[in-house]
Amino acid sequence: MDESFWQARWRKNKIAFHEPQAHEFLREHFTALDLSKGATVFVPLCGKTLDIDWLLAKCLHVIGIEFNQSAIEEVFRRLNLTPKISQHGKLIKYEAGELALFQGDFFELSADQLGKVHAIYDRAALVALPEETRQRYAQHLADIAGAAPQLVISYSYDQTQTEGPPFSVPTPVLRKLYLDHYSCLSLDRRQIEGPLATRCSGEESILLLVPRQPNLANGIRDKFRV
């Protein structure tokens, strides 16, 4: 699964993963990251999610990366922001106020380009990737973001019921992917809802990933006794 796949999905408007409001799990569990105002949150494979608007409203600095140019442009239009556009290697950066979105391949984004990150919000990134790409994604994300704490939304269902994306990435699989960098705590789960529920049955869950390095944990490990 590559850029051409996702560009085709956007052209055909096959974006059932895009929700009409900020995700319920984000609204209910974001405080688990224990962030201060002005902290930087990285949203990989962000699309045009309204979660971006919600995070900005919390006085946070938001950085994202997305393949599709039209999705990025729609985010800035929606927020009535006129971005400064600049070339960064193979990526294009759109930036205005507290929002910066890179257009291009996630694997082309470097730690220097991303800068300091205080937390990661994975709304639909890991579950968008086929199995053979997930370990590379998890390692690259930890490398460029300094293994910052994460909130990850994932799915668990019988993959034979339907083809992804979103793919089924059960909690034990997710734990194994991030074993070298994080401890993993399940925060909440619910039955799959929305368009995906018409294709399969299973659970949607949100997990808190706490960095194993003591100097990066920022007290989260103690707070949740991970």
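**Figure 1. Arg 190 counts as buried in this predicted model, with a relative accessibility of 17%.** The cut-off for a buried residue is under 20% relative accessible area, so Arg 190, at 17%, falls on the buried side. Arg 190 belongs to strand E8, which spans residues 182-191. A polar contact of 2.7 Å links the side chain of Arg 190 to the side chain of Glu 24. Setting aside residues up to four places away in sequence, Arg 190 touches His 23, Glu 24, Phe 25, Gly 202, Glu 203 and Glu 204.

**Figure 2. Nine strands form an open sheet with mixed pairing.** The strand order is E3-E4-E5-E2-E1-E6-E7-E9-E8. Strand E3 (84-88) and E8 each have a single partner strand and stand at the edges, so one side of each has no neighbour in the sheet. On average, neighbouring strands of this sheet are turned by 25° against each other, direction ignored. Helix H4 (residues 69-78) packs on the sheet and touches strand E2 (61-66), strand E4 (91-96) and strand E5 (99-103). The direction of H4 makes about 165° with that of E5. In total, the protein has eight helices and nine strands.

**Figure 3. Strand E2 has buried residues on both faces.** Six of the six residues of E2 are buried. His 61, Ile 63 and Ile 65 lie on one side, and Val 62, Gly 64 and Glu 66 on the other. In a regular strand, side chains alternate between the two faces of the sheet. E2 runs parallel to E1, and five bridges join the two. In this pairing, Pro 44 stands opposite Ile 65 of E2. Between E1 and E2 the chain crosses through helix H3 (residues 51-57), and this β-α-β crossover is right-handed. E2 also pairs with E5 in the parallel sense, over five bridges. Here Ile 63 stands opposite Ala 100 in E5.

**Figure 4. Asn 68 is buried in the loop between E2 and H4.** The relative accessible area of Asn 68 is 6%. The side chain of Asn 68 makes a polar contact of 2.3 Å with the side chain of Ser 70. A polar atom of the Asn 68 side chain also lies 2.9 Å from the backbone nitrogen of Ala 71.

**Figure 5. Strand E6 (residues 119-122) is covered on both faces.** Ala 119 and Tyr 121 are buried on one side, and Ile 120 and Asp 122 are buried on the other. E6 pairs with strand E1 (residues 40-44) in the parallel sense over two bridges. Within this pairing, Ala 119 is the bridge partner of Val 41. E6 also runs parallel to strand E7 (residues 150-157), joined by three bridges. Ile 120 stands opposite Gln 150 in E7. The chain passes from E6 to E7 through helix H6 (residues 131-145) in a right-handed β-α-β crossover.

**Figure 6. Strands E7 and E9 run antiparallel and are joined by eight bridges.** Strand E9 covers residues 202-211. In E9, Leu 209 is the bridge partner of Gln 150. Gln 150 and Leu 209 are both in contact with Tyr 178.

**Figure 7. The largest nonpolar core has 37 residues.** Phe 42, Tyr 137, Leu 174 and Tyr 178 touch the most other members of this core. Two or more residues come from each of E2, E5, H6, E7, helix H7 (171-177), E8 and E9. H6 gives the largest share, five residues. Leaving aside neighbours within four places in sequence, Tyr 178 is in contact with Leu 126, Tyr 137, Ala 138, Leu 141, Gln 150 and Leu 209. A second, separate core contains 30 residues, including Phe 25, Val 43, Phe 76 and Ile 206.

**Figure 8. Buried residues make up 53% of the 226 residues in the protein.** Among contacts in the protein with a separation of 6 or more, 66% are between residues 24 or more positions apart.

Key. Residues numbered from 1 in each chain as written. Predicted model: local features only at pLDDT ≥ 70, side-chain atom pairs only at ≥ 80, totals over all residues. Heavy atoms only, no water. Buried < 20%, exposed > 50% of the residue type's maximum accessible area, 1.4 Å probe, protein only. Helix = DSSP H or I, 4+ residues; strand = E, 2+ residues; numbered from the N terminus. Pairing = 2+ DSSP bridges. Right-handed = clockwise from strand over helix to strand, strands pointing away. Polar contact = N/O pair within 3.5 Å; in protein donor to acceptor, adjacent residues only side chain to side chain. Contact = heavy atoms within 4.5 Å. Axes fitted to C-alpha atoms, helices over the stretch in contact; angles between N-to-C directions. Core = buried A, V, L, I, M, F, W, Y, C linked by side-chain atoms within 4.5 Å.
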